[in-house]
Amino acid sequence: MVEVQFRFRDDEVVADPAVTVDAFGEQTNAAAVRIEPGDDARALLPHLERLKLVEVNFPAFTDGRGYSSARILREAGYAGELRAVGDIGVDQLSHLKRCGFDAIAPEVELDPAEAETAFAVWPQVYQATGDNRKPIWALRHGK
Amino acid sequence: MKIVTGNDLKTGAVTWWTGEGWSLHVNDAVDVADHAADIIAREEAARRVVSAYAIDATREAEGVRPAHIKDRIRALGPTVRLDLSLKPADPQAGNWVI
Amino acid sequence: MYAYDQYDQQMVDARVAEFRDQTRRRLEGTLSEDKFRPLRLQNGLYLQLHAYMLRVAVPYGTLSAAQMRMLGDIADKYDRGYGHFTTRQNIQYNWIKLEDAPDILADLASVEMHAIQTSGNCIRNISADQYAGATPDELIDPRPYAELLRQWSSFHPEFLALPRKFKICVIASDTDRAAMRLHDIGIQIVKNEAGEIGCAFYVGGGMGRTPMIAPLIRDFVPLDQLITYSEACLRVYNRYGRRDNKYKARIKILVHELGKDEYARQVEEEFAHLQTQGIEPPIAELERIKAHFTDPAFNTAASDEIDLSNADFARWVRANTAPHKAAGYAIVNISLKPLPREGVAGIPGDATADQIRTMADLALAYSFDELRVTHTQNIVLPHVKKADLFALWQALVAADLATANLDAITDIIACPGLDYCSLANARSIPVAQKISERFADAGKSDAIGELKLKISGCINACGHHHAGHIGILGVDRKGTENYQLLLGGCEGADTSLGQITGPGFNEDGIVDAVEKATDVYLANKQGEERFLDTYRRIGMAPFKEAIYG
């Protein structure tokens, strides 16, 4: 398993091997699943309660489908570990976090100092994306 | 012959591989035979060039002539602003690209 | 116009710092070109034919005198003394150095400007009607909605790696001056039967390889659901837009392949879900933005009279001014398509740094400190007192900015083409110059009247040739430049796509073909018909006959 270099949860790293979405449907005791860009994240919605880990694969950082998958899961109430894996550079880190990922396992280890800078790029945010950051429009109107 | 061209990473200027380094002038370009890939890989890794590629060219009386009009325009500059090209004093310079 | 508050300024400053850091890493070698390229594109920085090119955003085409002045200063300080205004209301600089780019972005940020998302597979600059806030025929000023969408789309973390670029346009009148139906999302602000204001959404338009006119996807989205509905449209695209083929990756292909009803259904489903997520800004935010777009203090006693005794001035007034909603005022168009003079030809859409600064000064003096960039590569001074028109015109004449050819055959839209662009197959500017020369005679072009001629140097159609009454497409024919002629395109409310006439021509041949087409029009014109009207009435055959014999 590629190391989870960044994690924003208090509990233990989920070490269960992640199965494919198809396999997950068949294995009623699997608790970890991996979503590929072409998978429909909503296929997992009936099973959220038994899921401890959802991995979302980014085979190429230019394929942004994983961002939508992450938000869909969080919007549905998924509270387990949501882990981004694959072709991830420091410049994707803040976007991943904003979309609800709380664990990031880049296939190539990232420079910790650069990563720290990258996570802190945005002093404010324009959109509500479910990451608990108050969007600017909320700050402007006392919400 | 095959020559290699690209852009300077920092300035973006069009450059041509001379055998030893990069020149702004197409006439300094050398025949790289089948070494283009190695040259490009090394020079891009060293950050001396960006977006380098190999092209066909011929050596004519007046110098090196890239086979494709796009690279001839790269070699000269915009034909509609010769004052900004490498041949600002030559009003006929644009004829060379056709 | 909109002014940043502390939050907007913080965001644009953070972006400058982010890009400065990314550039440092690229130059030091810790960031590869493959990883850096999408990042620099999303800051408007292309590697082009001769150098880096920077595309600066002009949100919905609106800018202040101070901002325009900065654009002129940037041309002098970092470029070669000129800029190019584009068909998406932006400005481009052609001779930028990567090492200067972060400083340029910092200079822009100091006047509330940026190059955010002007390239890359993300939501691009949102365009709008260039006469917004000034024209009598709009329902309401569309720009506050464009500003709301601009903020929503800026750094939206879910939509920064879309299948392809995404272009949005907002208008608020039935007279579409912004080619709304040819955008990925085109929005028209409308009033429903209950008298409520909302948004009609057209999704899936575009030009390029496969031009399509956007179908209506939803006829009314209430104003307080604008962001939620937009987000639903984008999420469906991000999830299902094609990523297997760059030439089939725009949303127009998705809408076409699903069918508009199925696309609309998927958006409706996502929309219903997103409405439970609280992502819509409160209506107070729209009201806050709107407060920046109130009318300037028009002089209610301004005279409606214009002394037209100077023939050249009268000609310019007739050609380049448009009616204003306030009595005593006019909308002024500054053409950036000069006619050739003493053998020197102009370049469509280009302006020198001095001209840019002059236009800034004129905006301050005569137009309540405001200018617009049009998608036809001209500039607008939106609020000019009729009593000031003569003095303004004289200043424009002195700056070589008084060409009286708006929407005439010499008001040519041309992409930079193979002289500047690495994607091009043929040069477009020399063709524009030759056509301009052929029709420079005032009598000739006046006889032809309105004729929107558009030239693209390649199939990517940045010159919008599909939407030209006459369109020209540059192609590569066995290594030489060749040009195809199209007739009958239109980008207004009656949007249509141009039809190709037949085999292509060389550079001289295309100019002759254009002239033959105008001759056919003049020979067949009935009443007040424009070229487009005559073409639509008589069809392609007479033109084909005249051009190919």
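**A walk through chain C and its neighbours**

Let's start with one pair of residues: in strand S19 of chain C, Asn482(C) is the bridge partner of Val475(C). Please keep in mind as you follow along that this is a predicted model.

Strand S17 (residues 453-456) of chain C pairs with strand S18 (residues 470-477) of chain C over 4 bridges, in the parallel sense. Here Ser456(C) has Leu473(C) in S18(C) as its bridge partner. In general, the strands of a sheet pair through backbone hydrogen bonds, and the pairing can be parallel or antiparallel. Stepping back, you can see an open sheet of 5 strands in chain C, in the order S16-S17-S18-S19-S20, with mixed pairing. Which strands stand at the edges? They are strand S16 (413-414) and strand S20 (499-500) of chain C, each with a single partner strand, so one side of each is left without a neighbour in the sheet.

The domain assignment gives domain 1 (6-109), domain 2 (134-290), domain 3 (311-398) and domain 4 (413-548). For domain 3 and domain 4 of chain C, the C-alpha centres lie 25 Å apart. Where these two domains meet, 7 residues of domain 3 are in contact with 8 residues of domain 4 of chain C. The side of domain 3 of chain C that touches domain 4 has 5 nonpolar and 2 polar residues, and no charged residues.

Let's move to another set of strands in chain C. Strand S8 (residues 185-191) of chain C is mostly covered, with 5 of its 7 residues buried. S8(C) pairs in the parallel sense with strand S7 (residues 168-171) of chain C, over 4 bridges, and Ile171(C) stands opposite Gln188(C) in S8(C). With strand S9 (residues 197-203) of chain C, S8(C) pairs in the antiparallel sense over 7 bridges. In that pairing, Ile185(C) stands opposite Val203(C) in S9(C). The hairpin of S8(C) and S9(C) has 5 residues between the strands, and Gly195(C) takes a positive phi near 85 degrees there.

Asp129(C) lies in the loop between strand S6 (127-128) and helix H5 (143-153) of chain C. Is Asp129(C) buried or exposed? With 30 other C-beta atoms within 10 Å, Asp129(C) is buried. Leaving aside residues up to four places away in sequence, Asp129(C) touches Glu138(C), Pro142(C), Ile171(C), Ala172(C), Ser173(C), Arg177(C) and Ala178(C). By contrast, Ala314(C) is 185 residues away along the chain, and its C-alpha atom is separated from that of Asp129(C) by 26 Å.

Next comes a pair of helices. Two packed helices are described by the angle between their axes and the distance between the axes. For helix H7 (residues 251-258) and helix H8 (residues 260-274) of chain C, the axes come within 5 Å and cross at roughly 110 degrees. That makes H7(C) roughly perpendicular to H8(C). H7(C) brings Leu254(C), Val255(C) and Leu258(C) to the contact, and H8(C) brings Lys260(C), Glu262(C) and Tyr263(C). By class, the residues of this contact are 4 nonpolar, no polar and 2 charged.

Finally, let's see how chain C meets the other chains. On one interface, 29 residues of chain A are in contact with 32 residues of chain C. Helix H2 (65-75), helix H3 (93-98) and helix H5 (136-140) of chain A each supply at least two residues to this side, and H2(A) gives the most, with 5 residues. The side of chain A that touches chain C divides into 11 nonpolar, 10 polar and 8 charged residues.

On the other interface, 20 residues of chain B are in contact with 22 residues of chain C. Strand S4 (50-60) and helix H2 (69-76) of chain B are the elements that give two or more residues to this side. H2(B) gives the most, with 4 residues. The side of chain B that touches chain C has 9 nonpolar, 7 polar and 4 charged residues.

Note on methods
Residues are numbered from 1 along each chain as its sequence is written. Chains are lettered from A and ligands numbered from 1 in the order in which they are written. This is a predicted model: local features need pLDDT of at least 70, side-chain atom pairs count only at pLDDT 80 or more; totals for chains, interfaces and linings use all residues. Ala, Val, Leu, Ile, Met, Phe, Trp, Tyr, Cys and Pro count as nonpolar, Asp, Glu, Lys and Arg as charged, and the others, Gly among them, as polar. Two strands pair if DSSP finds at least two bridges between them. Axes are lines fitted to C-alpha atoms, for helices over the stretch in contact, and angles run from 0 to 180 degrees between N-to-C directions. Angles under 35 degrees count as roughly parallel, over 145 as roughly antiparallel, 65 to 115 as roughly perpendicular and the rest as oblique. Domain bounds come from an automatic or database domain assignment. A residue is buried if 20 or more other C-beta atoms lie within 10 Å of its own, exposed if 12 or fewer, and partly exposed in between; C-beta atoms are placed from the backbone.
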